[in-house]
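Please look over the sequence and the model below before reading on. The report takes up a sheet, a helix and the nonpolar cores in turn.

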Amino acid sequence: MKKLLGIFGLLLAVCLFATWASESFRSGYNIENLIRRTALFGVIGIGVAFVIVTGGIDLSIGSVICLVGCGLPWLLTVQKWSLPAALLAVTVVSVGIGLMHGLLITKLRLQPFIVTLCGLMLYRGITRGFTGDQTVGFGDGYKGLRVLATGKISIPFVQGFEIPAPWVVLVIVAVLAAIFLNRTIYGRYLLALGRNEDAARYSGINTMAMTILAYVICSTLAGLGGVLFVLDVNSAQPVDFGNFYELYAIAAAVLGGCSLRGGEGSIVGVIIGTALILVLRNVVTLVTNHSNIEFAIIGTVILAGVIADELVKRYAVKRRAARALAEESSRP
Amino acid sequence: MPLLEARSLTKSFPGVRALKGVSLTVERGEVLAVIGENGAGKSTLMKILAGVQTADSGEILLDGQPVALRSVHDALASGIALIHQELNLADNLDVAANIFLGREPRRFGWIDAARTHREAKQFLDAVGLDVKPDTLVSTLAIGQQQLVEIAKALSTNARVLIMDEPTSSLSAREAENLFKVIRDLRTRGVSIVYISHRLGEVKQLADRVTVLRDGENSGGLTREEISHAAMVKLMVGRDLSQFYPHAPHRAGDVALHVDRLRTPMYPRHEVSFTVRAGEIVGLAGLVGAGRTEVLLSLFGVTPALGGTIRVNGKEVSPASPQEAIEAGLALVPEDRKKQGVVLEMPVRENVSLASLRRDQRNGFLNQRREVELSAEMIGAMRIKTPSDRQVVQFLSGGNQQKVVLGKWLAIQPRVLFLDEPTRGIDVGAKQEIYKLMEELARKGVAILFVSSEMEEVLGMSDRVLVMHEGRLTGELQRSELSEEAVMHLATGLETTATA
């Protein structure tokens, strides 16, 4: 909880600074855009949070986004599939990718890093292959579907600002994810096995099934992210669509309180973490006019955040140990 | 003036006070045995003397002068070397390289191989190890590797050699050879601090014994006073018959029937036995006899290769712990921290972990039930914790073990397996665990426990099964129990006699 407040405070501070430093930052258009991007990135961040909770990692998210994001318009406009068939196909592919990752990691005991690194190369390569490396998009069609990503919901009595539609998707995904992680026995199983897989297994938990489930959730949400991203921008280039997005997602999850050692995670934290990264990116571009140093700044902030978190944690452990000791010695 | 003296050392870890003012003297050229039960503080004391850890308070004197041993390097410079229970050799390097690791004789900045080998030979001779200095360590037997460790310690001009359970993985002949080397070192003026659980060895080897109990000195014995009974009395600090709360049980029907079980570790041997409801059965044997493997197969961790298992007459073949639990089995595993508890989770979530499935409401956590359950188990197991939100990491070993017991009691098993239930637990908590085992047996739970502590086996069991190298070599009723009888079977003597 304290951690959440800390990261939220940082987000507020950065927003305040940006409001002061840049006029374009506080424009309604910019804020709306930031919120829409936060919703899109938030969805994939929540996905990777499940994998991180188990102590794993998924590096293939950006490529899954590419595969689905290019695959959907390609199926619709080039292959002339019907919309339901195309949506079903990308869903099956996303779920199937997660299932394959999970099976390789649990049954064959391969390293998550390696499996998903290969996925990163594989899915982008496949996409560039079947699209012939050509830009794909919806053109003027599918306006109804695109509302999902580009639409706005006006707020009564508020002028000049409307809620971007993807935010609705994010809220639904986040609420479901938070309930799953914190209120169901399966969420508890994921947290337990992330901390200590052996102890979880010895307690009768099917750790393999739970781990596979985490990778399926991750890839499925990456697929959903891919659909939303391509609906948002309308066209996608296989060579770089979704490039590096897994790193944004992982960084957002870590900033939001997921420990890469596993067993720790908060859905609200992931959303705040996502917002922080996107605001930072935005600020770097607007204030410095040097968007090329964006990665350096984001990297620095994340590193600082993780270091601060570790130091606070160590201090807490020390204090707690001292207290436990005092209690022990005060007992007769 | 003693060569090495430690005065009122204290050391605390989160949740445990490992040393509460321990003193110790080591004379020149003597073998001092330091004994005590698990958790008595022996290892911590030795680590402090060897500079691996530093004491919170107290002082250490060498030749009457206070010394600060802040690192292993400091200790080695003062002539104190520790040989760990688990050997610390780089087994991809040769013997000579290991002996001089980090202190290689150099010539113009390059390793002087000829001198390394020549000098290594000298130290190998000193420990009576007849191998070439360029032999790869990985090709040596465990006993030989241990001698390499000693040679390495001697090469640092160690005057005090601390050996932590040096015979735990040695064969009888290797151990004999080691004793010879130790006596030889003693005559050359090296002092040996010898830590062991094996009282027989101590009797054979030690000039003096220092006994620790619960992080304090509980007494010392001179050469003349050393006897098995005297050592046990100081270690346990009370009469054994009172220490173990054993009362005869009225055993009920057969709860667990194991017929020709074959484990992956010993696929060619079959194990058959039964445990009745309300009975406490000990499973004894030396390390590596296959006892843990039997429990792991019964519990579905490493499923059995063959044989039948019946719980209350119903045949089961658990392929996972999940299935074993559904069949009414529970296991308190050997490694508490790795397999028993989730250290970073609070007491409440640890206690409920195995019963979440039973108490669920359509997949959702039943949080009220979880709170009730943990309160109930904290009471029943007498877990000392400030609240059920306390993270298990900060509890003492004994309380952690009670959390594991509570987790299993919550699912009301018919058969409870315990693997080394009191390892690394202080004496008071041990007795509490025994009391809990008693209470469970009285309630009709069938208990099968593995233990390497002879006294525990003798004190707690209604019946003892003994294993040797994957086979059950015998079964002893309570009236037939004695240390000698168990050891006979555990070392396989009985079978060779009848074969």
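The sections below describe selected features of this predicted model.

## An open sheet in chain B

Four strands of chain B form an open sheet in the order β14-β13-β16-β17, with antiparallel pairing. Because β14 (271-276) and β17 (314-316) of chain B stand at the edges with a single partner strand each, one side of each is left without a neighbour in the sheet. From one strand to the next, the twist averages 20°.

Strand β13 of chain B, which covers residues 254-262, pairs with β14(B) over five bridges in the antiparallel sense, and V258(B) stands opposite F273(B) in β14(B).

## Helix α4 of chain A

Helix α4 of chain A (residues 83-106) has 24 residues, and the 35 Å from its first C-alpha to its last is close to the 34 Å expected at 1.5 Å a residue. Among the buried residues of α4(A) are V90(A), S94(A), I97(A), H101(A) and I105(A). The buried residues of this helix, α4(A), pack against α3 (61-78), α5 (112-130) and α10 (207-233) of chain A.

In soluble globular proteins, nonpolar side chains tend to be buried together. The largest nonpolar core here has 176 residues, and those with the most contacts inside it are V43(A), L329(B), F417(B) and I447(B). Helix α10(A) gives the most to this core, with 16 residues.

When residues up to four places away in sequence are not counted, I447(B) touches I280(B), V281(B), L416(B), L418(B), M437(B), L440(B) and A441(B). A second, separate core has 66 residues, including L9(B), L76(B), A97(B) and V127(B).

How values were computed:
Residues are numbered from 1 along each chain as its sequence is written. Chains are lettered from A and ligands numbered from 1 in the order in which they are written. This is a predicted model: local features need pLDDT of at least 70, side-chain atom pairs count only at pLDDT 80 or more; totals for chains, interfaces and linings use all residues. Two strands pair if DSSP finds at least two bridges between them. Helices (H or I, at least four residues) and strands (E, at least two) are DSSP runs, numbered from the N terminus. Axes are lines fitted to C-alpha atoms, for helices over the stretch in contact, and angles run from 0 to 180 degrees between N-to-C directions. The expected span of a helix is 1.5 Å times one less than its number of residues. A residue is buried if 20 or more other C-beta atoms lie within 10 Å of its own, exposed if 12 or fewer, and partly exposed in between; C-beta atoms are placed from the backbone. Two residues are in contact if their C-beta atoms, placed from the backbone, lie within 7 Å. A nonpolar core is a set of buried Ala, Val, Leu, Ile, Met, Phe, Trp, Tyr and Cys residues joined through C-beta atoms within 7 Å.
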